[in-house]
Amino acid sequence: MNILSRLGFDRKTLIRFIIIVANSQIIYSFNAIREVLYNPYVDALGVSHAQFGVLMGIIGAMSTFGNVPLGWIQDRFSARKVLTVDTLIVGAVGLFIALTPTTNFALLLPCFIIIGLFTEPLYWATVLKSVRAVAKEDKQATAFGFLEFGRGLADFLQNGVCIILYTVLGSTFFGIKAAMVFNAAVTLVSALLVWFIVPEENLIQVKTGAGKTKIAFSGLIKALKMPEIWMTGIAASCVYATFTAVSTYFVPYLQSVYLLPAAMVGIFGLVNTSVVRFISGPVSGIFADQKFKTSAHWMRFCYIILAAMLAVSLLIPKTSTLVIPAMIVLMIISVFCYLVRGVYFAPIGESNVPAEMGAAAMSVASFIGYSPQLWGYTVFGTIIDHFDPTTAYMIIFALLVCLSLLGIFMTTLLGRRILKHRAQAETAQG
């Protein structure tokens with residue numbers, strides 16, 4: 001509680017923060033089943049790996065091409081309205097998919113377009129600006145770290161229930177459908193909690209809609225001109241590509257290349273994504289704020305380890321007798337991936353971006369940062385479909401090494417910019 005109080009929480013604010021953080025993961029829970037039950041989930045959807053990659057790419061397209069033209073609109077509305085409406089729509093679409101006996105690519109296409117629209121360009125910037133608003137400039141990494149902690153904990157609990165449902169129901173088609181229904185239902189409940197607990201607030205204090213639109217759009221133009229926002233987005237995109245592999249392809253990689261026993265699949269998937277995530281988040285935030293000059297300096301350190309471990313994964317012999325060492329290396333990769341994820345938007349707060357353009361700034365950064373959603377799943381899925389498992393995953397890991405090296409370069413530049421900004425601010429005050 002000491003850390004939370006230093007962030008400026010009182011009891012009511014803390015409860016609202018928890019609800020927003022939980023909602024920020026629950027809204028993604030329907031599709032998050034892939035993290036622990038990838039093959040059953042894809043089979044239940046009735047699509048191939050490449051087609052599922054296209055569906056995930058559609059969500060990425062909504063994020064990449066929608067964040068800038070649509071994200072700034074969120075500065076016009078309260079977090080309560082944005083989060084509630086988006087969550088209701090996504091929950092309803094998830095329930096429709098889950099309750100439809102047989103689905104196919106053509107049916108899922110418009111569904112994933114809607115999911116992508118209301119979980120990315122019309123949603124995510126509101127979460128980020130809400131988290132940014134609770135913390136001081138020198139505590140941004142801690143605040144975002146607790147965001148990842150809460151999201152990881154929610155992910156762990158929901159995916160854990162999904163594994164139990166799937167297992168108890170005999171690992172059948174009905175079992176995976178039951179898990180899908182559960183996650184969609186929880187999403188709808190989350191929308192109601194947001195509506196009744198999160199207050200009606202708006203940072204733009206202008207009475208007319210035209211006035212709000214003018215200020216919000218002006219914030220977008222300013223955000224597009226800030227180098228720190230672009231650097232933050234590029235640095236985030238480098239690790240988000242690794243996240244797509246961590247959350248979706250590590251389990252099938254171990255299954256197909258190292259012959260991971262079926263009994264260990266769900267356990268590894270749960271620990272590799274949810275457990276690692278909610279532990280890494282607050283650790284990352286606290287370390288970045290207390291042990292490093294800026295969050296960018298901490299991210300650079302993590303990127304160096306991440307690049308090294310991805311390179312090690314390329315060198316481990318591909319034999320089932322080495323499945324345990326392979327799992328350990330993948331787990332370390334996951335840890336440092338989530339350490340970066342825990343703070344990768346903190347540099348925006350450290351750069352003192354004005355609050356009234358909070359959603360615009362986060363939208364531009366998200367436009368770049370989440371761009372791997374556009375191509376990552378499609379490229380990775382296509383590679384897996386067209387090469388033998390060992391070759392396919394080696395190509396994927398090699399790509400991730402290159403992106404980690406780019407992450408090292410971008411965070412170095414970003415850290416220098418933040419320190420320069422601080423020095424200028426101190427000179428102006430003195």
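**Exercise 1. State which helix holds Thr187, decide whether Thr187 is buried or exposed, and list its contacts.**

Step 1. Thr187 is found in helix 10. Helices (H or I, at least four residues) and strands (E, at least two) are DSSP runs, numbered from the N terminus.

Step 2. The relative accessible area of Thr187 is 2%, so this residue is buried. Buried means under 20% relative accessible area, exposed over 50%, and partly exposed in between, with a 1.4 Å probe and protein chains only.

Step 3. Leaving out residues up to four places away in sequence, Thr187 touches Ile26, Ile27, Ser29, Thr87 and Gly91. Contact means heavy atoms within 4.5 Å.

A note on the source: this is a predicted model, in which local features need pLDDT of at least 70 and side-chain atom pairs count only at pLDDT 80 or more, while totals for chains, interfaces and linings use all residues. Residues are numbered from 1 along each chain as its sequence is written, and side-chain values use heavy atoms, with hydrogens and water left out.

**Exercise 2. Find which helix gives the most to the nonpolar patch, and describe Ile197.**

Step 1. The patch covers about 730 Å² of surface and is made by Ile15, Leu88, Val189, Leu192, Leu193, Trp195, Phe196 and Ile197. Patches are made of residues with over 30% relative accessible area and no salt bridge; like charges are joined within 9 Å, and nonpolar side chains (Val, Leu, Ile, Met, Phe, Trp, Tyr) within 5 Å. Accessible areas come from the Shrake-Rupley method with a 1.4 Å probe; for residues, only the protein chains shown count as cover.

Step 2. Helix 10 (residues 173-197) gives the most, with six residues.

Step 3. Ile197 lies in helix 10. Its relative accessible area is 32%, so Ile197 is partly exposed.

**Exercise 3. Characterise helix 8, using Thr126 as the example.**

Step 1. Nine of the ten residues of helix 8 are buried, so this helix is largely enclosed by the rest of the structure. The buried residues are Trp124, Ala125, Thr126, Val127, Leu128, Lys129, Ser130, Val131 and Arg132.

Step 2. Thr126 sits in helix 8 and counts as buried, at 0% relative accessibility.

Step 3. Not counting residues up to four places away in sequence, Thr126 touches Gln74, Ala79, Val82 and Leu83.

**Exercise 4. Count the aromatic pairs and explain what the pair of Tyr28 and Tyr123 ties together.**

Step 1. Rings of Phe, Tyr and Trp (its six-membered ring) pair if their centres lie within 6.5 Å; planes under 30 degrees apart count as stacked, over 60 as edge-to-face and the rest as tilted. By this rule there are 27 aromatic pairs.

Step 2. Tyr28 and Tyr123 form an edge-to-face pair, 6.3 Å centre to centre with 75° between the planes.

Step 3. Tyr28 lies in the loop between helix 2 (11-26) and helix 3 (29-32), and Tyr123 in the loop between helix 7 and helix 8 (124-133), so the pair ties together parts that are 95 residues apart in sequence. Tyr123 counts as buried, at 0% relative accessibility.

Step 4. Both belong to one aromatic cluster, formed by Tyr28, Tyr123, Trp124, Tyr240, Phe243, Tyr338, Tyr344, Phe345 and Tyr370.

**Exercise 5. Identify the salt bridge and the parts of the chain that the pair links.**

Step 1. A salt bridge is a side-chain nitrogen of Lys or Arg within 4 Å of a carboxyl oxygen of Asp or Glu. The structure holds one.

Step 2. The partners are Arg417 and Glu228, with the closest N and O atoms 3.2 Å apart. The pair links distant parts of the chain, 189 residues apart: Arg417 in helix 20 (residues 389-429) and Glu228 in helix 12 (residues 227-248).

Step 3. Arg417 is partly exposed at 28% relative accessibility, whereas Glu228 is buried, with a relative accessible area of 11%.

**Exercise 6. Summarise the secondary structure and burial of the whole protein.**

Step 1. The protein has 20 helices and zero strands.

Step 2. Of its 430 residues, 59% count as buried.
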